[in-house]
Amino acid sequence: MRRLGTHQRDLLIASGMVTLVFIVSAWLDLAERFIAWTAPLEHSEIDELPQVLLAIAIAAIWFSGRRMRELAAEIRMRIQAETRSRDSLALYKTLFEEGLSGNFIASADGHVRLCNEAFRVMSGMSSNRQLRFNLAVALGDQWLALLDQLHTGVSLDFHELSLRRMDQAPWVVMARFRLSSISAGQGHEIHGYFTDITEQHLAEKELARLLVDNRALSHHAMQVQEEERCHLAREIHDDLGQYLTAIRLDAAALPLRDQDSALAIHAARIVSHAEHIQTAVKRIIKRLRPAALDAHGLIEAIRCLVSEWARQNPRVHLNLNLDERCSRLPDFVSIIAYRMVQEALTNVARHADATLVNVLVHRLSNSAGTSIQIEIRDNGVGFDTRSHYASFGLTGMRERVESIQGSFQLVSSAGAGVLVSAALPLQLATGTKRVKTIAGG
């Protein structure tokens, strides 16, 4: 309606101007006056001047119409640009206000000039009904260091940043800061966003604490297990060993008149059975607590273990690479290393179908400290670690190694053999309670 009224008004104005020109021309008799003025100048073709003026007027109308069309096209373009600008501004406002991250714009002194609702919630502004927040206060001494770093680069990312909320509650965020110039001579603004990871951080912290407690418990349980094994081995050796020896001596001391008599045959059987039981008892004692580990140290104990394993698996070739500096180690490190080699060789014998096994035990020293590096590698059939990794033997290895904050690694694939490796730190294991050694052999 407004546009229609404007066109009507313009038409009325134009009609009024034409009517006014006609009335003035008729009243002043301009046409006769012009003819009388041009009569003496007929030879100069002045009488053609109206046609020239008409042509000029038509040309002016044409150029005016073209300019009007150009202006109309420019106006349409500006209207479209303004519409897109409004849509873009609405989208930006939606992203800024309704995003899950806490978006903000702050001054160089830390005062937050603009922020969205997510920032107000995570910073405690909403709960405390505060309208102002200062990042310099929330970050403390970190703010100045952050500003220095921002002046040297475009943006600054933090995977974990701790701040102080207005209510002093824990607040940990993943953050990005970017330095932006306001205008010439007016300083800079800090643009950024926070992603609240406080709950995740607290959960990870609690999980880490539980993991430390679990490792300490595992360490203690395995220590108790080894002490119990040592105790059982000692009890078996002291009790069963002595009685079996006594049985053999008593059977051998029986007065026999005839070596082919029933008494002699039964005595020989008793001696044979007692000897067999003694051999089995020694084997059980060795599995419970290898005597060589206490008597000669880790390296000799591994040599004895490998030698016995090689006799039971003659078709497998064994390569040993043992560092003699690893002979005398803290007791718990020694038993973990020994059990790891023992379990790995047991797995090779049962599942690997290998023809070659390499066993390496080395002592390594670097800036992080001194550790024992253990590797057992075979050329067997291998397996998919994703589907077999939950086996009790491998899990037990990992638990033993990680109980003293060591690192454990298992590498394998179908047809490519298996590599079991571990690094056992000596510093953390030093001072662990010593397991009592077995009396006798």
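This briefing covers the largest pocket, the salt bridges and selected surface features of the structure above. The model is a predicted one. Its largest pocket has a volume of about 570 Å³, and the structure holds 11 salt bridges. A nonpolar surface patch of about 430 Å² is also present, made by Leu 20, Val 24, Trp 27 and Leu 28.

**Largest pocket**

- The lining of the largest pocket comprises 22 residues, and those that lie nearest its centre are Arg 283, Lys 286, Arg 287, Glu 308 and Tyr 338.
- Two or more lining residues come from each of the elements α9 (262-288), α10 (291-295), α11 (298-312) and α12 (331-352).
- Sorted by class, the lining of the largest pocket has 11 nonpolar residues, together with five polar and six charged ones.

**Salt bridges within a helix**

- In helix α4 (residues 117-123), Arg 120 and Glu 117 lie three residues apart, about one turn of the helix, and they form a salt bridge whose closest N and O atoms are 3.0 Å apart.
- Both partners count as partly exposed, Arg 120 at 23% relative accessibility and Glu 117 at 37%.
- Glu 206 forms a salt bridge with Arg 209, with 2.5 Å between the closest N and O atoms; because these residues are three apart in helix α8 (residues 198-252), about one helical turn separates them.
- Glu 206 is partly exposed, with a relative accessible area of 36%, and Arg 209 is likewise partly exposed, with 41%.

- A network of salt bridges links Glu 300, Arg 303 and Glu 324.

**Surface positions**

- Trp 27, a member of the nonpolar patch, is placed in helix α1 (residues 2-28) and has a relative accessible area of 70%, so this residue is exposed, the cut-off being over 50%.
- Gln 149 is found in helix α7 (residues 142-150), where a relative accessibility of 40% makes it partly exposed.
- The C-alpha atoms of Gln 149 and Leu 179 are separated by 9.9 Å, although the two residues are 30 residues apart along the chain.

Notes. Residues numbered from 1 in each chain as written. Predicted model: local features only at pLDDT ≥ 70, side-chain atom pairs only at ≥ 80, totals over all residues. Heavy atoms only, no water. Helix = DSSP H or I, 4+ residues; strand = E, 2+ residues; numbered from the N terminus. Buried < 20%, exposed > 50% of the residue type's maximum accessible area, 1.4 Å probe, protein only. Patch = residues over 30% accessible without salt bridge, like charges linked within 9 Å, V, L, I, M, F, W, Y side chains within 5 Å. Areas by Shrake-Rupley, 256 points an atom, 1.4 Å probe, with all protein chains shown as cover. Salt bridge = Lys/Arg side-chain N within 4 Å of Asp/Glu carboxyl O. 1 Å grid on protein atoms, 1.4 Å probe; cavity = no way out; pocket = protein on both sides within 12 Å on 5 of 7 lines; lining within 4 Å. Points joined across faces, edges and corners; volume = space filled by probe spheres on them. Nonpolar A, V, L, I, M, F, W, Y, C, P; charged D, E, K, R; others polar.
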